[in-house]
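Subject: Structure for your reading

Dear colleague,

Please find the structure below, together with its sequence. I would be grateful if you kept it open while reading the notes.

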Amino acid sequence: MQLIIMRHGEAGYHSLDRQRELTEYGRQAVAEVAAQIAESPWRPRTLWCSPLVRARQTAAIASEILNCPVYEKEFITPDDDPGKCLDAVLESSESKLMIVSHMPLVGSLATLFVDGHRQGIPLMTAQAIVLDMPVAGPGCADLKAQFLP
């Protein structure tokens, strides 16, 4: 299985965190990273995204460039348990998946898949990492590539 984990693009301020929208820079950075992914051998077939506005906007931009469908998942918001996402990935039949979400979840997912723990690593906005897993599970992934704006 190939998994790309991407943090949403730069977002502006809003009094309600769920309603924060991408800035113009955030939109450009996401498009740049999605274009890099499209030119790589790591192109996903499906995108999962958080229901928060900034992640949905990021996924919409990436989906257009990568020409793949987007599915909102309620269990990949910033403070969700990465174990729920792990379970969903294990249950999925998708072999080339991209997840668009938030810190700290994206960092926790990365370390859960690569190192088997949830301590998390920081990902900058619009950054994407590629994990390759011969067998999907905690500690089973190798970090193969990263994409930066």
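This is a predicted model: local features need pLDDT of at least 70, side-chain atom pairs count only at pLDDT 80 or more; totals for chains, interfaces and linings use all residues.

Residues are numbered from 1 along each chain as its sequence is written, and side-chain values use heavy atoms, with hydrogens and water left out.

Helix α2

Helices (H or I, at least four residues) and strands (E, at least two) are DSSP runs, numbered from the N terminus. Helix α2 comprises the 14 residues 53-66. The expected span of a helix is 1.5 Å times one less than its number of residues. For α2 this gives 20 Å, and the end C-alpha atoms are 20 Å apart, which agrees.

A residue is called buried under 20% relative accessible area, exposed over 50%, and partly exposed in between (1.4 Å probe, protein chains only). By this rule α2 is mostly covered, with 10 of its 14 residues buried. Among them are Val53, Ala55, Ile61 and Leu66. Contact means heavy atoms within 4.5 Å. The buried residues of α2 pack against β1 (2-7), α1 (24-38), β2 (46-49), β3 (70-72) and β4 (96-101). After α2 comes Asn67, whose phi is positive, near 55°.

The aromatic pair

Rings of Phe, Tyr and Trp (its six-membered ring) pair if their centres lie within 6.5 Å; planes under 30 degrees apart count as stacked, over 60 as edge-to-face and the rest as tilted. The structure holds 1 aromatic pair. Trp48 is buried, at 6% relative accessibility.

A charge sits over a ring if NZ of Lys or CZ of Arg is within 6 Å of the ring centre and within 35 degrees of the ring normal. Lys73 lies over the face of Trp48 in this way, at 4.8 Å from the ring centre.

The cysteines

A disulfide is a pair of cysteine sulfur atoms within 2.5 Å. The structure holds 0 disulfides. For Cys68, the nearest cysteine sulfur is that of Cys49, 11 Å away. For Cys140, the nearest is that of Cys85, 15 Å away. Cys68 is buried at 5% relative accessible area, whereas Cys140 is partly exposed at 32%.

Single residues

Gln127 is in the loop between α4 (105-115) and β5 (128-132) and is buried, with a relative accessible area of 8%. Its side chain reaches the backbone nitrogen of Met124 at 2.9 Å. Leaving out residues up to four places away in sequence, Gln127 touches Ile5, Met6, Arg7, Pro122, Gln146, Phe147 and Leu148.

Gln19 lies in the loop between β1 and α1 and is partly exposed, at 37% relative accessibility. Beyond its neighbours within four places in sequence, Gln19 is in contact with His14 and Val53.

Glu24, in helix α1, is exposed at 53% relative accessibility. Glu24 and Ala11 are 13 residues apart in sequence and 8.8 Å apart in space, C-alpha to C-alpha.

Yours sincerely

Terms used: A polar contact is a pair of N or O atoms within 3.5 Å; within protein, one must be able to donate a hydrogen and the other to accept it, and residues adjacent in sequence count only if both atoms are side-chain atoms.
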